[in-house]
Amino acid sequence: MDEFDKLLYQGAAQLPPDAAPSPEPPKPWKKPMDRVCWGLALITVTLDFLYLNVILPAIGAVLLWLGLRALRRENRGFRFAWVCATLYAALRFAAVIVLATPLDHLLAEAIDMEWQSLTGAVPFHTVVRTGVLQLLLTLTAAGLWRGLKGVFRKAGQPPKAGSAGAVTIMLFLLFPLACIGLTGWLLVGPLLLIWVLLLRSLFKLSRSLDEAGYALSPAPVRVSDGKAAALWLGILLAATALGVALSARLPLDASPVDTAPTAQTELRARLTGLGFPEDILSDLTDQEVSAFEGAKAVHVDTARRNNNGLRDDAPLVTFVEVQVADYRNVYLSSFRWEDPPALRSTDALELIPCYTASDTQGHPVLPELDTAAPIGRLLWEKDGVTYAAPLDIREPRDVSYASFFCQNDYTAYYTDFSLPAQGDNIRVCVLWSLRRVPERGLWFNYAANYIHRKSLWVYPYQSGSAWAAAGQPGSPSFSPFLWLQEWSEGLLDDEAYYAACREG
Amino acid sequence: MDHSELIRAMKDRRSDALPRFQTAFAPLVKYIVAPILPDGRDREECLSDVFLRAWESIGEYDPEKGTVTAWLGTIARNTALNRQRANERRREDGPPDETPPAPGDGPEEAALRAEAVRALWRAVDRLDRRERDLFLRKYYYYQPTAQIAAELGLSLRAVEGKLYRVRKRLQDELGGVHRG
């Protein structure tokens with residue numbers, strides 16, 4: 001202790017002669033209990049915008065952990081609560097990080113079980129994860145309850161920790177209620193009100209501990225609370241960002257295009273003669289060109305989508321419809337990025353071979369069309385060499401969702417692919433064939449929608465194809481994806497169909 | 001917690017008031033006395049002294065001027081400090097001395113001392129809330145750095161750093177008074 005220290009002690013020993021109010025004694029319980037209360041409040045807040053449903057509970061988990069870290073030396077109840085809060089925060093953060101990657105979707109596919117709640121099907125592993133988190137939170141509250149009772153007992157006073165007990169019971173009951181899938185303000189409103197009142201009561205209890213100045217045996221810390229909180233949240237942010245970045249691209253099975261002389265010279269010449277675009281034809285392999293064997297007519301439809309903010313950077317879209325036999329057509333969709341997009345991440349295609357179909361009277365008919373599985377390739381140029389990578393087009397799936405205007409039901413094929421990190425003149429080409437059933441419909445249209453990922457930040461992880469299959473949720477301005485919808489009508493069969501009708 | 005009814009009972013000299021007052025505030029008094037008096041027996045005796053003084057001077061307590069915890073906290077701190085000083089004198093001189101520390105040698109020095117105290121508290125008032133809290137814990141309530149660190153959730157080094165900055169600020173502001 002130096003001279004100045006002595007002077008400070010001596011000076012502080014006397015209050016000023018003009019009698020300022022006595023300083024309030026320190027309140028050792030205030031900070032930890034405030035953090036515990038705010039932690040519990042934030043964990044249970046669910047605001048589904050601006051990622052607040054992730055950020056607020058994460059901050060709440062850290063506050064709860066920090067509050068109980070200071071109290072853990074006080075008694076066994078608090079120590080137990082602290083251990084549970086640590087596990088809770090770790091599991092909660094792990095869940096946040098996993099949601100940044102495709103792992104959650106892969107897990108759902110691997111388990112392939114769903115829980116039916118009143119609001120719809122929920123992946124089973126999500127229910128288990130929520131259950132474990134809620135159990136840990138309940139145990140944390142139970143430890144807090146026991147710890148608070150211990151404090152009053154130590155002070156020789158009757159336990160007044162009823163609010164902590166009620167919070168424990170409430171947390172215990174919330175999980176089954178969530179599993180049932182309760183919705184609606186009439187049900188949720190009273191529960192929310194009870195929860196707010198319970199937290200208020202817990203805040204009051206902490207105030208009474210403050211005012212009575214109950215002594216606390218706080219645990220010494222090596223890392224200050226601020227640094228510990230920054231560490232928790234920094235790890236969460238860094239790991240989540242890493243997860244998003246690592247999930248932004250798919251492996252690209254690229255190889256140089258074989259430039260050996262074509263064996264389909266005659267067919268290629270015939271297709272060119274019918275009006276098939278030469279640049280697209282030159283991208284097709286002999287095997288792909290063989291799909292057009294017997295070509296009778298070609299219809300070409302070219303468009304450049306310049307809406308949705310892409311303007312001139314949009315890919316040039318070309319639809320080619322080739323009639324190869326009566327009622328059998330081969331369709332080709334080509335998307336050509338003449339200028340590479342600003343972000344080369346993972347894009348997707350949604351192919352809907354028959355979006356709507358109607359009969360001669362205009363009545364809708366079931367879109368039952370025989371179709372072979374689509375095939376396609378991604379091509380680009382780099383250093384004067386053309387590279388290609390096959391598209392992994394998955395099994396068709398039935399899509400059903402309600403939009404503002406109508407109910408949408410159709411069968412679609414999906415593929416996700418990463419654009420090459422380098423190179424230009426990127427194009428995606430996909431073709432499929434249809435065998436129409438004459439009596440089933442006259443008029444139909446089909447769609448090939450391109451989904452471009454325009455933002456590197458996609459959280460939680462979602463592929464472009466999953467986003468499209470879900471009905472392109474979210475505002476176009478805030479969505480990480482750009483939906484380039486292209487559709488065309490099936491045109492080449494009309495004459496044959498009418499002929500069939502006349503004969504019939 | 002509303003203590004007004006308890007204070008009224010104390011002021012009315014009701015027989016059950018003091019035990020209730022002791023039950024309610026013993027944790028607070030123990031908390032304040034503990035860093036100043038390391039000896040357990042000293043602390044117990046001091047606890048009795050504090051409640052005796054509180055019983056005797058409850059009439060002076062004015063809720064308008066501050067909370068009961070602040071009023072009682074001051075009594076507890078002063079009682080503990082007096083006991084600590086008495087212990088020190090006893091160790092140095094032999095016979096116990098319960099009288100408060102001697103004031104300055106003369107009116108001039110007393111006036112200077114009072115001015116220095118005023119200057120210190122004015123400087124403390126200019127500290128921000130956290131710095132003021134740190135100052136009070138260290139120099140008013142005599143809390144050891146380890147206790148401050150643990151209660152504030154800071155590492156020892158962080159508290160030492162913050163205390164250093166508080167001292168530096170006070171030293172800069174009080175240089176004329178405390179150096180001269």
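User: Why is S433(A) called buried?

Analyst: In this predicted model, S433(A) lies in strand β13 of chain A, residues 424–435. Its relative accessibility is 13%. Buried means under 20%, so S433(A) counts as buried.

User: What makes the pair R167(B) and D5(A) a salt bridge?

Analyst: The N to O distance between the side chains of R167(B) and D5(A) is 2.9 Å. The rule asks for a side-chain nitrogen of Lys or Arg within 4 Å of a carboxyl oxygen of Asp or Glu, and therefore the pair R167(B) and D5(A), at 2.9 Å, is a salt bridge. Across the interface of chain A and chain B the rule finds 1 salt bridge.

User: How do you know how much area is buried between chain A and chain B, and what share do carbon and sulfur atoms give?

Analyst: The size of an interface is often given as the accessible area lost when the parts come together. For chain A and chain B the buried area is about 3800 Å², and this value is summed over both sides. Carbon and sulfur atoms give 62% of the area. The contact joins 40 residues of chain A to 43 residues of chain B.

User: How many residue pairs are in polar contact between chain A and chain B, and which elements of chain A give two or more residues to the side that touches chain B?

Analyst: The count is 9 residue pairs, with both residues at pLDDT 80 or more. The elements of chain A are α1 (3–13) and α8 (185–212). Helix α1(A) gives the most, with 8 residues. By class, the side of chain A that touches chain B has 22 nonpolar, 7 polar and 11 charged residues.

User: Where are the two domains of chain B, and how far apart are their C-alpha centres?

Analyst: Domain 1 covers 3–91 and domain 2 covers 104–173 of chain B. Their C-alpha centres lie 23 Å apart. The contact takes 8 residues from domain 1 of chain B and 8 residues from domain 2 of chain B.

User: What makes up the area buried between domain 1 and domain 2 of chain B?

Analyst: About 710 Å² is buried between these domains, and carbon and sulfur atoms give 54% of that area. Y31(B), P35(B) and R77(B) supply 64% of what domain 1 of chain B buries against domain 2 of chain B, more than any other three residues.

User: How many salt bridges and how many residue pairs in polar contact are counted between domain 1 and domain 2 of chain B?

Analyst: The salt bridge count is 0, while 3 residue pairs are in polar contact, both residues at pLDDT 80 or more. On the side of domain 1 that touches domain 2 of chain B, α2 (17–33) and α4 (68–93) give two or more residues. The largest share, 4 residues, comes from α4(B). That side of domain 1 divides into 5 nonpolar, 2 polar and 1 charged.

User: How do you know that D128(B) caps α6(B), and at which end?

Analyst: A side-chain oxygen of D128(B) lies 3.1 Å from the backbone nitrogen of R130(B). A polar contact needs N or O atoms within 3.5 Å, so the 3.1 Å distance falls inside that cut-off. D128(B) caps the N-terminal end of α6(B).

User: Which residues of α6(B) are buried, and what phi does Y142(B) take?

Analyst: In α6 of chain B, residues 129–140, the buried residues include E131(B), R137(B) and K138(B), along with L134(B), F135(B) and L136(B). Y139(B) and Y140(B) are also buried. Just after α6(B), Y142(B) takes a positive phi of about 60°.

Methods: Residues are numbered from 1 along each chain as its sequence is written. Chains are lettered from A and ligands numbered from 1 in the order in which they are written. This is a predicted model: local features need pLDDT of at least 70, side-chain atom pairs count only at pLDDT 80 or more; totals for chains, interfaces and linings use all residues. Side-chain values use heavy atoms; hydrogens and water are left out. Buried means under 20% relative accessible area, exposed over 50%, partly exposed in between (1.4 Å probe, protein chains only). A polar contact is a pair of N or O atoms within 3.5 Å; within protein, one must be able to donate a hydrogen and the other to accept it, and residues adjacent in sequence count only if both atoms are side-chain atoms. Domain bounds come from an automatic or database domain assignment. Contact means heavy atoms within 4.5 Å. Buried area is the accessible area (1.4 Å probe) that two parts lose on being put together, summed over both. Ala, Val, Leu, Ile, Met, Phe, Trp, Tyr, Cys and Pro count as nonpolar, Asp, Glu, Lys and Arg as charged, and the others, Gly among them, as polar.
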